[in-house]
Each structure stands twice: as structure tokens, then as C-alpha cells.
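Subject: Structure handover and notes

Dear colleague,

I am passing on the structure we spoke about, and my notes on it follow below. Please read them with the coordinates open beside you.

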Amino acid sequence: MKSDSIHGMWSSRLMFVLAASGSAVGLGNIWRFPYVAGENGGGAFVMVYLACIFLVGIPIMVSEILIGRSARQSPINAMRTAAEASNATSCWQLLGWMGVLAGFMILSFYAVIAGWVLAYIFQLGSGMFTGSSGELAKSAFDGFVGNVWEVLAWFTVFIGITISITARGVSSGLEVAVKYLMPILFFLLVVLVIYAAFTSGHFLEGLQFLFSFDFDKLSWNSVLVAMGQAFFTLSLGMGAIMAYGAYMPKDASIVGTATLIALMDTGVALMSGLVIFPLVFANALESSAGPGLMFITLPLAFGQMAGGQFFGCVFFILVAFAAITSAISLVEPAIAWIVEKLNTTRLIAALLVGGCVWLLGLGSVFSTNIWSDVFIFGEMTFLDTMDYVTNNIILPLGGILIALFAGWILSSKIIDEELVADRWLYPIWQFLTRFIAPIAVSIVFIMALLQD
Ligand code: PHE
């Protein structure tokens, strides 16, 4: 078993937990979870999402970490090495390629939304939402995203930040930042949940919306979206966690660590929902408002709260941090591969990747302004399409393949070595990875296709 990688290593298990939860916790939890839950009717959607996290997500996360750690290389090379060591075809490395592509596509729209977050730090800080109404908050949002230059500028700033961090390697600077910022984000979310509980007057409605399930309302497409959200929020199916696993200390328990990360991630998503929906109902907003939901409800809440100008600004700073720690994991598979393949520096690799993502992202930058009526599929703009295709098709597909590989192909010698600390959970993991995860994902795919 290799004990280190050429890219460096996390200094401890805790650092791996921080980095991986930094990857998992991001816009997917605070921005995307509430709005897709809203669009898909709430409760039943949330149940399917939770089932996917525990039955499909955790086993696949274990598989990714295991493959990454056993090979200690970029996902493309890790898949090749693991396949060779298991006497399987090296075509499995295509899975690594698919992940790199998914990372580019995801970051291309992720950075646009993260750019909106950066802009909102200043908007909230300026006090422009103090005493605002639902209508004003909505028109402020529409006005902002309608301005192509502003959106482009903030998107570019975000890509720049991502490149400058990844170029340096996931340094101790970042590890330390995550160590302090994640707990503060958690704490502020708790404060916001309490605020929503006591002041909105609609907390119960919010709870009910998220947790009372009426499965009749659920279409197979919503089930597909719930499953896609589970993959997205845990950063699975594209190699981000595999890449991070390559730098994980060899004696840490993989199953325990993966479960911990999934629990934290789920906690943040549910808390975000418990902040946003009471506010939606209290202000007579639409629960299905789409991607703008967070950008309308939160400024509104902060605008009505004592000290809201300050807390609102701090909150959006933390969301930006959560987005940054996820963005760097989206490009790590590509960067690590370029470094291995071209034998070049991380700086060059990061610039190359950043440049490509920036170009691709222009389509999403334009989606809310000059291309707002250019639809790729149905009513989906470029941004919506990137989001839909990656989350609902590429990530689950990558996930099934990873599960099949880890469950059926990967040599049991490697698995035994990697899961020594998790002996008694091994059969459960193997059952979920071999049968439940691939079958569940396939059924959802097929039913969603048939229903359309
Ligand atoms: N998990 C991140 C989030 O919830 C997004 C992400 C997806 C990051 C895939 C890496 C890989 O915001």
C-alpha cells in the first residue's frame, strides 16, 4: 500500500474530514437544495433525497475514497492503476475522464452562482436591503443578474480565486481557513434557524413543507432530481472525493469518515431549508422560485433583522467560502492529472483548467441576461442545462460505474487492505455497492426516461 502521493498529503484524518466536508458543503446545500426541494414539492422529495444519501451516497463515497487512497494518484490514473491491479481492462480510466469533464461543466455554472454570492456580500453590506419587501428583493435580484457585465466580473473574480488557491496546492492555509470558517458557518445557520423559528411565524409551515410527504405528488423526474442532488451535494460521481482520498492518511477509517461527512452535509442542507421556507411562507413568496430563491429570501430576512446588515454580509462571506472549498475540489482531478501527465507545475495546470472553465462558463453568465431567452432543451437556459445534465445524468452515471467497479471488479486484496479499520461494516458496504446502489440508480434512470 502506498503511503503518500506526489501531490502532498492531508496532515491528519481531521484535515481530510475538513477538506472533504469543505468539498461537500457548498452551494449545493445552501443554494441548490432549498430551491430544488421547492420546485419538486418538498416532503416526498426530501425523503427520497435522504434515502439516496444513506443507501447510495455513503457506499459510493466509501468506494471513491478507497480507490483513490489505494492508488494515490489523480482519478484518471487511479482508475487505471486499480483496474490493472484487479486484472481488468484499463478502459475503466474513461470513468476518470468523464469525471474531469463533469468537473469542468459543474464549475462553469457553479462559479456563476458563486459570483452572485460575492456580489451579494457587498449588496448586503451596503444596507440596501434594510427594511426591504419581498417584491423589492426580487426586483433587486432580477436587476442584478440581468446585468451582464456585473455577473461576468464577479464570475471572473471567483474563477481567479479558485485558480490562485489550487495553484498553491491545497495548502495548510486553506486547511486552517476551513477549520475556522466551517464551524462559524454552522453556528450562523443555527442562529438563522432560530430566527426563522421565532420571528417568521411560519416555522411549522416550513417544517411541514420539508417533512410531510405525499408521494402522489412525486414524479419520476423529481425522484431523478432528488438522486442527482444527493450525488451533487456529497461531491460524488466525478472523482472529487477520489482525488481527495488519494491524500488521506492510510490508517483512518474510511466508512466512519464518509458517514461523518454525509451527516454534516445533510445537517447543513436541512438547516438551510428550515431557514428559507419559513421566510418564503412569511413573505408570500413562491416556494418554486428557482435559482433565485436564496438570493431573495435571505436578504429579505437580514433586511428585517436587527444587525442584519452586518450578519447578512458575514453570512454571504461564509457561503462564498463554502463555495470556494467546493470549487477547488471540482478542479483537483483535472489539475492532479495534468501535473502527473505533463510533469508541469500546479500553476500551469491551474491556469489551463481555469481558462477552459472560464470560456465554458460564459454561456451560464449570459443565461440570465443576453441569452435569457435562448433555450437548449425545453425551457432550460444554458445554465439550467449544464446543471441538469451534470447533476441528473453524469454524476449518477459516474456513481453507478464507480459502484460496479468497486463492488464487482476491484480486487478483494485492495479492499481488505483499505477497509481494515471497518471490518464489520464490510459486508454491508459490499451489499449496498454491489446491488442496492446500481439497481436503485438504474431504476430511477429508466423510470424517468419512460415517464417523459
Ligand atoms: N458538493 C458541492 C456542493 O454541494 C458541489 C460539488 C459537486 C463539489 C461535485 C465537487 C464535486 O456545493
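The largest cavity has a volume of about 140 Å³. Of the 16 residues that line this cavity, Ser-23, Phe-232, Ser-235, Ser-326 and Leu-330 are the closest to its centre. The elements that give two or more residues to its lining are helix 1 (13-24), helix 2, helix 5 and helix 14 (308-342), and helix 14 supplies the largest share, three residues. Sorted by class, the lining of the largest cavity has ten nonpolar and six polar residues, with no charged residues. The count of cavities of 30 Å³ or more comes to five. Please keep in mind throughout that this is a predicted model.

The ligand

An N or O atom in the side chain of Tyr-110 is 2.5 Å from an oxygen atom of the ligand. On the backbone side, an N or O atom of Phe-232 lies 2.8 Å from a nitrogen atom of the ligand, and a backbone N or O atom of Thr-233 lies 3.2 Å from a nitrogen atom of the ligand.

Phe-232 and Thr-233 are both among the buried residues of helix 10, which runs over residues 220-233 and reaches 20 Å from its first C-alpha to its last, close to the 20 Å expected at 1.5 Å a residue. Helix 10 is mostly covered, since twelve of its 14 residues are buried, including Ser-222, Met-227, Gln-229 and Phe-231.

Just after helix 10, Ser-235 takes a positive phi of about 60 degrees, and this residue is found in the loop between helix 10 and helix 11 (240-245). Is Ser-235 buried or exposed? Ser-235 counts as buried because its relative accessibility is 10%, and buried here means under 20%. The side chain of Ser-235 makes a polar contact with the side chain of Ser-23, at 2.8 Å.

Turning to the open spaces, the largest pocket has a volume of about 410 Å³. It is lined by 16 residues, of which Phe-141, Ala-289, Pro-291, Gly-292 and Thr-368 are the closest to its centre. Helix 5 (93-125), helix 6 (134-145) and helix 16 (382-409) are the elements that give two or more residues to this lining, and helix 6 gives the most, with four residues. The classes in the lining of the largest pocket are eight nonpolar, five polar and three charged residues.

The second largest pocket holds about 350 Å³ of space. Among its 15 lining residues, Tyr-35, Val-36, Glu-39, Met-380 and Tyr-388 lie nearest its centre, and the elements that give two or more residues to the lining are helix 2 (27-39), helix 10 and helix 16. In this second lining the division is eight nonpolar, three polar and four charged residues.

Thr-381 lies in the loop between helix 15 (346-366) and helix 16. Where does its relative accessible area place Thr-381, buried or exposed? At 9%, Thr-381 is buried, because that value falls under the 20% cut-off. The side chain of Thr-381 makes a polar contact with the side chain of Asp-384, at 3.1 Å.

Helix 7

The last element I looked at is helix 7, residues 148-167, whose 20 residues reach 28 Å from the first C-alpha to the last, close to the 28 Å expected at 1.5 Å a residue. At the start of helix 7, a side-chain oxygen of Asn-147 reaches to within 3.1 Å of the backbone nitrogen of Trp-149. The buried residues of helix 7 include Val-148, Val-151, Leu-152, Phe-155, Phe-158 and Ile-159, and also Thr-162, Ile-163 and Ala-167. Just after helix 7, Gly-169 takes a positive phi of about 85 degrees.

With best regards

Key. Residues are numbered from 1 along each chain as its sequence is written. This is a predicted model: local features need pLDDT of at least 70, side-chain atom pairs count only at pLDDT 80 or more; totals for chains, interfaces and linings use all residues. Side-chain values use heavy atoms; hydrogens and water are left out. The expected span of a helix is 1.5 Å times one less than its number of residues. Buried means under 20% relative accessible area, exposed over 50%, partly exposed in between (1.4 Å probe, protein chains only). On a 1 Å grid over the protein atoms alone, a cavity is a set of points where a 1.4 Å probe fits but cannot get out, and a pocket is an open set with protein on both sides within 12 Å along at least five of seven lines; lining residues have an atom within 4 Å of a point. Grid points are joined across faces, edges and corners, and a volume is the space filled by probe spheres set on the points. Ala, Val, Leu, Ile, Met, Phe, Trp, Tyr, Cys and Pro count as nonpolar, Asp, Glu, Lys and Arg as charged, and the others, Gly among them, as polar. A polar contact is a pair of N or O atoms within 3.5 Å; within protein, one must be able to donate a hydrogen and the other to accept it, and residues adjacent in sequence count only if both atoms are side-chain atoms.
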